[in-house]
Amino acid sequence: MRLQKYIAHAGIASRRKAEEMIKEGRVKVNDQVVKDMGVEIEPTKDKIYVDGNFIELEQKNVYIMLNKPKGYVTTVSDEFGRPTVLDLVKDINERIYPVGRLDFDTSGLLLLTNDGDFTYHLTHPKHEVKKTYIAKIKGVPTKEELKKFKNGVDIGGYITAPAHIEMIKQSRVFCTTRVMIHEGKNRQIRRMFDQINHPVVALKRVSIGEIKMNDLEEGKWRNLTKEEVNYLKNS
């Protein structure tokens, strides 16, 4: 962010007045007096002083819905250099992070925010916020396999909670299912289907509670509405 913009957003002065302050040598970035207009600062790292007084932005809570494509990791950064979901969210001054996770090979609805309480509410198992997925799997499960899936399966030392599953479409080789769970263990749905011997071919999250992407294009994002935020906070 441009230094004068930061000063203006902090409520110290208008952007034009902030530029005058910079020219007059009244502004420091960290320990250095700055008099140039083109200086870019990192709001989450740099410390800004005006007339010797430390200034900072009031945190503005941000709530974003992203239609995540496959091939992106749900982290702020990646040690292997893979693209992250933050590469898709531009023009956001606040430091945001994903709410929960979607696997590298999973697409669909992902929320991002800078509100820790909001994140805790949506990710803590006790709140049981329902998440709905469309899963394309190999083969067609039997009634016994579906019953096992619904009742909870052992995915490696952990028995999953009861889940909802329904068949949407099927052929001799694949079938498409709708799955609803409230947990968020790593690769949970894929591991659940592995346990009934029907590996996942494609997986997409389509809703969190009653919040849906509707016509949001893959790779695009939008701000949640006030009504959507309130619903999720109280879900």
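A residue is called buried when its relative accessible area is under 20%, exposed when that area is over 50%, and partly exposed in between, as computed with a 1.4 Å probe on protein chains only. The model discussed here is predicted, so local features need pLDDT of at least 70 and side-chain atom pairs count only at pLDDT 80 or more, whereas totals for chains, interfaces and linings use all residues. Residues are numbered from 1 along each chain as its sequence is written, and side-chain values use heavy atoms, with hydrogens and water left out. Helices (H or I, at least four residues) and strands (E, at least two) are DSSP runs numbered from the N terminus.

Leaving aside residues up to four places away in sequence, T119 touches Y97, V99 and T113, where contact means heavy atoms within 4.5 Å.

Two of these partners, Y97 and V99, are also among the residues touched by L112. Others in contact with L112 include V62, Y63, I64, L66 and I96, again not counting residues up to four places away in sequence.

Helix α2 shows how burial can be arranged around an axis. Its residues A18, M21 and I22 are buried. They lie on the same side of α2 because they cover an arc of only 100° around the axis, the arc being that of the directions from the helix axis to the C-beta atoms. The buried residues of α2 pack against α1, β1 (27-29) and β3 (48-50). On the other side of α2, R16 and K23 are exposed.

The loop between α1 (3-9) and α2 (15-23) contains G11, which is exposed because its relative accessible area is 61%. G11 and I55 are 44 residues apart in sequence, and their C-alpha atoms are 9.3 Å apart in space.

Backbone angles deserve attention next. Most residues other than glycine have a negative phi. N30 is not a glycine, yet has a positive phi of about 60°. N30 is found in the loop between β1 and β2 (32-33) and counts as partly exposed because its relative accessibility is 32%. N214, also a residue other than glycine, has a positive phi near 55°. N214 lies in the loop between β12 (211-212) and β13, and is exposed because its relative accessible area is 67%. Just after α2, G25 takes a positive phi of about 75°.
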